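Below are some notes for a colleague who is opening this structure for the first time.

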Amino acid sequence: MKLHEYQAKEIFAKYGLPVTPGVLVKHLSEVDEALKQFPTGPWMVKAQIHAGGRGKAGGVKFCKTETDVRQKASDILGMTLVSPQTGPQGKLVKKIFITPAVDYSKELYVSVVLDRVHRCPVILASAEGGTEIEELAVHKPEAIQKVYIDPVQGLHPYQARQLHLDLGLPSDKINQGSKLLQDLVKIFMDLDLSLIEVNPLVVLKDGNIHCLDAKLAFDDNGLPRHKEYASWRDPDEEDARELLAAESGLSYISLDGNIGCLVNGAGLAMATADAIQHFGGTPANFLDVGGSASQKAVAQAFKIILSDERVKAILVNIFGGIAKCDLIAQGIIDAAKEVGLSLPLVVRLEGTNVEKGKELLSKSDLKYSFASSMDEAAKAAVAGAGGARS
Amino acid sequence: MSIYLGKNAKVICQGITGSAGLFHSKACRDYGTKMVGGVTPGKGGSEVEGFKVFDTVGDAVKKTGANTTMIFVPALFAGDAILEAAAAGIELIVCITEGIPANDMAKVNLILKQYPKSRLIGPNCPGIITPGVAKVGIMPGYIHKPGKIGIVSRSGTLTYEAVWQVTQLGLGQSTCIGIGGDPIVGTTHLDALEAYNADKDTQAVIMIGEIGGTAEEEAALYVKKHMKKPVAAFIAGMTAPPGKRMGHAGAIVSGGKGTAKEKIAALEAAGIVVAQSPGEIGNALVEALKGKKGKSKPKTKKKK
């Protein structure tokens with residue numbers, strides 16, 4: 001679960017990290033109230049979306065006058081921001097953050113993520129912060145410092161002091177800087193995060209270090225430990241079908257093609273999408289009904305797949321282990337009836353109770369074609385959806 | 001005639017009084033695994049379906065001589081269950097539990113270094129089976145057949161798919177391991193390949209990978225330098241868009257790293273036969289056994 005900048009800054013403030021407060025605005029009518037709270041300019045007006053690259057896309061503006069704030073707020077609210085992180089369709093801005101602007105002399109970059117190779121969290125930091133960090137990672141990776149973190153004890157003070165100096169920060173601010181770095185790691189560990197990022201971290205004109213931006217994402221597996229933040233999820237930012245699927249314990253990812261897939265197990269679901277592509281088709285989604293694949297989950301999965309109007313054929317691929325093929329066959333029959341399925345349906349069942357499952361399907365009124373292997377199923381689904389791409 | 005799991009395994013189940021733990025403990029016992037009891041804190045001294053229940057792993061080890069455990073403890077407590085098993089001297093820890101926070105596993109991974117005799121398989125995995133000898137996990141036993149092919153995979157049902165293709169070819173398996181779909185797992189592809197390489201009864205290996213991370217690339221490097229046996233492979237996730245987590249917490253392409261294309265290229269460069277479609281995993285194995293290297297020859301021509 002990703003958070004917005006204004007939410008992340010609330011958490012930063014709780015931990016005593018230096019951030020500039022501001023006001024969240026959802027309607028233009030709220031701008032005057034924000035200006036009343038922070039009457040002294042200049043100000044920043046910042047789009048709140050779950051994607052980076054906002055500044056370059058025109059979603060972050062510096063304003064000298066109150067009139068300017070009103071104008072920029074009106075420009076940004078309701079605009080569709082397109083940045084390298086939003087995808088070509090862009091993201092609609094429904095919220096903005098109005099905050100006093102600060103004057104700074106230096107921009108840096110700091111983030112904490114999990115390093116899979118070293119199997120521990122790592123700090124990524126650079127003295128060359130600002131908007132070009134992605135470019136830096138590609139063209140000048142040596143400018144990014146890495147500090148591996150002891151997952152049991154956190155960032156050691158000596159590591160924090162060394163990193164402060166390696167970033168070119170002044171030694172008279174070493175206590176402030178190293179505490180800030182340690183606090184970022186503490187938040188990462190305390191809240192079971194998968195990402196915390198400050199870009200830019202700045203040195204103010206008075207020499208103090210300040211978090212100008214804040215980005216934060218929870219590890220979904222850790223969220224049950226932090227129920228107080230569950231309501232911070234912004235449904236505007238998530239794919240409606242993916243949310244609906246998650247509520248039913250399904251894992252669903254929307255893809256660009258026209259063959260709907262219903263599979264048990266994440267690896268097999270990925271492989272099924274690959275098989276479709278191998279035979280010239282395009283999968284409309286990745287859908288894992290889970291290893292146990294209950295009848296109810298199968299029915300819900302069918303509804304979600306059919307709510308995507310691009311879908312021209314459906315491929316069901318189940319390898320029954322714990323999940324029994326007869327129960328799943330019944331789930332398919334019931335769900336197809338309930339939703340009035342009229343699209344070509346290809347079913348491939350294998351594993352536990354497969355004979356019983358086949359018998360149930362053949363005795364039902366369901367129109368489907370049965371495939372006895374994964375390749376055969378993929379080929380049949382591609383044909384059902386109108387054939388291979390030419 | 002196997003790796004990690006042999007006929008001397010004495011197995012307990014942590015979380016045996018939960019519905020999944022009990023169901024699979026029975027299934028493992030039915031398969032022939034020597035199940036010697038289970039652990040649920042607070043229920044020590046009781047008995048469930050013929051299994052003795054203990055309060056702690058230490059107690060279970062003392063009274064049953066258990067050396068292997070299968071963990072079904074809920075996700076937020078599973079990390080602690082792994083450490084409890086290691087501290088009690090369990091040699092093979094198989095953690096089935098899905099959804100353990102990544103930071104918990106980072107801690108567990110660091111602390112486990114204090115217990116070099118303990119091997120962790122998983123979490124978020126189907127477990128391990130040495131066909132005809134023992135199974136410690138949730139895989140359906142009957143699709144396996146004793147034989148000489150080692151299978152190591154990050155996923156569950158896709159592993160069954162590979163096992164089934166091998167069984168249908170009339171070949172069997174030495175040991176099959178699901179190493180799990182999380183970013184941090186105990187046993188890696190590389191560990192398993194080293195063990196298969198040293199196992200005199202494993203003739204060839206199938207490795208099934210997924211997008212995300214660099215574990216397959218590391219394994220490929222090992223194969224190139226040290227592997228004496230033929231290896232076939234498949235990588236799932238060709239169609240995955242970057243930045244989207246494809247079900248498994250570990251299966252995500254981030255920062256342009258860990259794509260299926262990169263992995264397949266690394267595997268082929270190491271002389272591994274890579275199946276172009278999941279339906280051709282068995283076929284790729286046959287070619288690897290014949291001594292062919294590189295791309296598997298598809299049975300059907302790819303239409304593009």
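1. Chain B holds an open sheet of seven strands with mixed pairing, in the order β9-β8-β11-β10-β12-β13-β14. Strands here are DSSP runs of E of at least two residues, helices are runs of H or I of at least four, and both are numbered from the N terminus; two strands pair if DSSP finds at least two bridges between them. The edges are β9 (134–137) and β14 (273–274) of chain B; each has a single partner strand, so one side of each is left without a neighbour in the sheet.

2. This is a predicted model, in which local features need pLDDT of at least 70, side-chain atom pairs count only at pLDDT 80 or more, and totals for chains, interfaces and linings use all residues. Residues are numbered from 1 along each chain as its sequence is written, and chains are lettered from A and ligands numbered from 1 in the order in which they are written.

3. Within the sheet of chain B, β12 (residues 204–210) and β13 (residues 231–236) run parallel and are joined by six bridges. B:Val205 has B:Val231 of β13(B) as its bridge partner. Helix α8 (residues 260–269) of chain B packs on the sheet and touches β12, β13 and β14 of chain B, with its direction at about 175 degrees to that of β13(B). Contact means C-beta atoms, placed from the backbone, within 7 Å; axes are lines fitted to C-alpha atoms, for helices over the stretch in contact, and angles run from 0 to 180 degrees between N-to-C directions.

4. Which residues touch the most other members of the largest nonpolar core? In this core of 202 residues they are A:Leu287, A:Leu315, A:Ala381, B:Ile71, B:Ile206, B:Ala232 and B:Ala233. The helix α8(A) gives the most to this core, with eight residues. Such a core is a set of buried Ala, Val, Leu, Ile, Met, Phe, Trp, Tyr and Cys residues joined through C-beta atoms within 7 Å. Beyond its neighbours within four places in sequence, B:Ile206 is in contact with residues including B:Ile149, B:Ala162, B:Ala232 and B:Leu285.

5. The contact between the chains takes 48 residues from chain A and 49 residues from chain B. On the side of chain A that touches chain B, α8(A) has the largest share, eleven residues. That side divides into 24 nonpolar, 15 polar and nine charged residues. Ala, Val, Leu, Ile, Met, Phe, Trp, Tyr, Cys and Pro count as nonpolar, Asp, Glu, Lys and Arg as charged, and the others, Gly among them, as polar.

6. A:Ile314 lies in strand β16 (residues 313–320) of chain A. Buried or exposed? A:Ile314 is buried, because 26 other C-beta atoms lie within 10 Å; the cut-offs are 20 or more for buried, 12 or fewer for exposed and partly exposed in between, with C-beta atoms placed from the backbone. Not counting residues up to four places away in sequence, A:Ile314 touches A:Gly260, A:Leu262, A:Ile305, A:Leu343 and A:Leu345.

7. β12(A) pairs with β10 (residues 193–204) of chain A in the antiparallel sense over four bridges, and A:Lys215 is the bridge partner of A:Glu197.

Conventions:
Contact = placed C-beta atoms within 7 Å.
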